[in-house]
Amino acid sequence: MQNNVKITNSITEYRQDFAIIANWVNFGSKVLDLGCGNGELLQFLRGSLEVKGYGVEKNDANLLACLQNGTNVIQMDLEDGLSGFEDQSFNTVILSQTLQAMHNTEEIVLEMLRVGQEIIVTFPNFGYWRNRMQITAGHMPVSKALPYQWYDTPNVHLCTINDFDEFCKNHKIEILERRVITDGKEVSFLPNLLGSLAMYRLKAQ
Amino acid sequence: MQENNSIGIVTPQTAHFSEPLKLKSGESLPQFDLVYETYGTLNADKSNAVIICHALSGNHHVAGKYQASDKYPGWWDNLIGPNKPLDTNRFFVIGLNNLGGCHGSSGPASINPATNKPWGSAFPILTVEDWVDSQARLLDHLGITQLAAVVGGSLGGMQALQWTMAYPERVRHALVIAAAPNLTAQNMAFNEVARQAIITDPEFYGGDYYAHGVVPRRGLRIARMLGHITYLSDDAMGEKFGRKLKDTIKYSFDVEFEMESYLRYQGDKFAGEFDANTYLRMTRALDYYDPALPFNGDLTAALKNVTAQFLVLSFTSDWRFSPARSREIVKALLDNERTVSYAEVTAAHGHDAFLMPDAHYHAILRTYLSNIEIGCNHAE
């Protein structure tokens, strides 16, 4: 349910998210945005960096929104992998706040590394102190970044920054850059505790 | 609603071409006619033209009616008209009957000027490539250099694809619907059964049945019945007819199930109005189309020179032109970094879905078409 997984952020955090991604994408490069929603990130990247962008999206309404704003969109289910895309055929492949809702989590990251020279993965950090507080109080976390109840959440593979660092190490994925954001501001001190959104720029080792 | 935004009364026209058309087979047609209809108004710089390529049994009567009392409008009337997804307030839409057809364009049933008799078996076997070449001649005749879009479903989608390869500078957008880059063996097998039904009909006379005053009606009827089975999904047939009986089981071979009644009706209707020689040729054009063949099966290489922007669209329950086949086209376009979007429409109707006015399907076409800018591209 890619349509449900975009996390409702405050405008600032949202923009900060886009701004960092824009910093990691080269001018005029070829970008694939997985779970592109209504195409707003690609629109932003087209406008600011003149990228050649393609989105992948499963949801019908999002597909229509993409066509409406002139975003190239390919309707398919990410859970099936990226078989329609050649090895190393994109400069950057992006998975923005969708990782935690994937069933084939490991496979999609490996597929991204196959298709993209670099990849960008962002996800809500489950280790964020507010989440930990709610767990300590005996409840599953519900927040701006995780707006679902335990029984209706599309998020099936939540992880912490530490978990993802370890995942990268175990899968021989090189972390080129990691940025952590809370309420639109960068966090450098105790990121796994104080960071709400984790953003990674990665490539295969 | 549909009546309100109908294109209204339309009139077919015929264009005569006296320059020969060289065919892929090596033969040539010394002269030919194309019958066509147009809807909407060609703008001053002739940049708003859209051509509709028809499928196996289609023709030039795509929208509107010939007279108000016509029972049915043209075959894609739900798509084309004022304020419809393909909006004739904006676009100048051309529908034509393909060469080899039986609705007015030169075909096996028309008179061969060399003999003054129907062409019959002597009418050449045409290909998708030949059709597109003849359509380009029609554009020349109308003074149109570049199409805003070419639109086609099924065999028509193959023509749309072919347009972008044969005349890249003449097509800005291609809408390739429920199509494939070639037919699978299973798909060709259905065509072979259909042709065998026709060819083995005692009234076929090797294709020269006109002289005998008969038509191979039985064969054509069976061919069409087979076609209809493959155009629907199992689910759609189940929903439409299930095991419903017309009356009771009578232990006979008469029409007892609703499905039989439907197939016989469709077969009879078709056999009464379509030409068997045309049916043979349409299925052969389907079989032969394989643009990747000269590139050792590499569709990416075959599409290297296309410049058009694409909307590729498939239907989930279409097993005759399955989504996987459309995705092959999408992949080849992506490999070439072309501008392409791909929609896989959830639909129960099988291959026939491309003719149905499904709301989401039409919303996709409407959205895509309304974003097409009017105004010709110039060579870069």
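**View 1. Helix α4 (residues 60-68) of chain A meets helix α10 (residues 359-370) of chain B, with axes that come within 9 Å and cross at roughly 15°.** This is a predicted model, where local features need pLDDT of at least 70, side-chain atom pairs count only at pLDDT 80 or more, and totals for chains, interfaces and linings use all residues. Residues are numbered from 1 along each chain as its sequence is written, chains are lettered from A and ligands numbered from 1 in the order in which they are written, and side-chain values use heavy atoms, with hydrogens and water left out. Helices (H or I, at least four residues) and strands (E, at least two) are DSSP runs, numbered from the N terminus. The axes are lines fitted to C-alpha atoms, for helices over the stretch in contact, and angles run from 0 to 180 degrees between N-to-C directions. With that crossing angle, α4(A) and α10(B) are roughly parallel to each other (angles under 35 degrees; over 145 is roughly antiparallel, 65 to 115 roughly perpendicular and the rest oblique). α4(A) passes α10(B) in a left-handed crossing, meaning that the near helix is turned anticlockwise from the far one by less than a right angle, while clockwise would be right-handed.

**View 2. Inside chain B, helix α1 (residues 128-142) packs against helix α2 (residues 155-166) at an angle of about 70°.** Their axes are 9 Å apart. That makes α1(B) roughly perpendicular to α2(B). The crossing of α1(B) and α2(B) is right-handed.

**View 3. A salt bridge links E337(B) to K30(A).** The term stands for a side-chain nitrogen of Lys or Arg within 4 Å of a carboxyl oxygen of Asp or Glu. Here the closest N and O atoms are 3.4 Å apart. E337(B) sits in the loop between α9 (323-335) and β14 (340-345) of chain B, and K30(A) in strand β1 (residues 30-34) of chain A, so this pair joins two chains. How accessible are the two partners? K30(A) is buried at 7% relative accessibility, whereas E337(B) is partly exposed at 40%. For these labels, buried means under 20% relative accessible area, exposed over 50%, and partly exposed in between (1.4 Å probe, protein chains only). Over all chains, the structure holds 23 salt bridges.

**View 4. K331(B) and E86(A) form a salt bridge, with their closest N and O atoms 2.5 Å apart.** K331(B) comes from helix α9 of chain B and E86(A) from the loop between β3 (72-75) and β4 (90-96) of chain A, so here too the pair joins two chains. K331(B) is partly exposed, with a relative accessible area of 22%, and E86(A) is partly exposed at 37%.

**View 5. R201(A) and E118(A) meet through their side chains in a salt bridge of 2.9 Å, N to O.** R201(A) is in strand β8 (residues 197-204) and E118(A) in strand β5 (residues 116-124), both of chain A, so the pair ties together parts that are 83 residues apart in sequence. R201(A) is buried, with a relative accessible area of 18%, while E118(A) comes out as partly exposed at 21%. Look around the pair and you'll find a network of salt bridges linking E118(A), E177(A), R179(A), E186(A) and R201(A).

**View 6. I135(A), M140(A), W150(A) and Y151(A) make a nonpolar surface patch of about 520 Å².** Patches are made of residues with over 30% relative accessible area and no salt bridge; like charges are joined within 9 Å, and nonpolar side chains (Val, Leu, Ile, Met, Phe, Trp, Tyr) within 5 Å. The areas come from the Shrake-Rupley method with a 1.4 Å probe, and for residues only the protein chains shown count as cover. M140(A) lies in the loop between α6 (129-136) and α7 (161-170) of chain A and is partly exposed, with a relative accessible area of 46%.

**View 7. Q97(A) has a positive phi, near 55°, in a residue other than glycine.** Q97(A) lies in the loop between β4 and α5 (105-115) of chain A. At 4% relative accessibility, Q97(A) counts as buried.

**View 8. Y205(B) has a phi near 50°, a positive value in a residue other than glycine.** Y205(B) belongs to the loop between α3 (185-199) and α4 (217-231) of chain B. The residue Y205(B) is partly exposed, with a relative accessible area of 40%.
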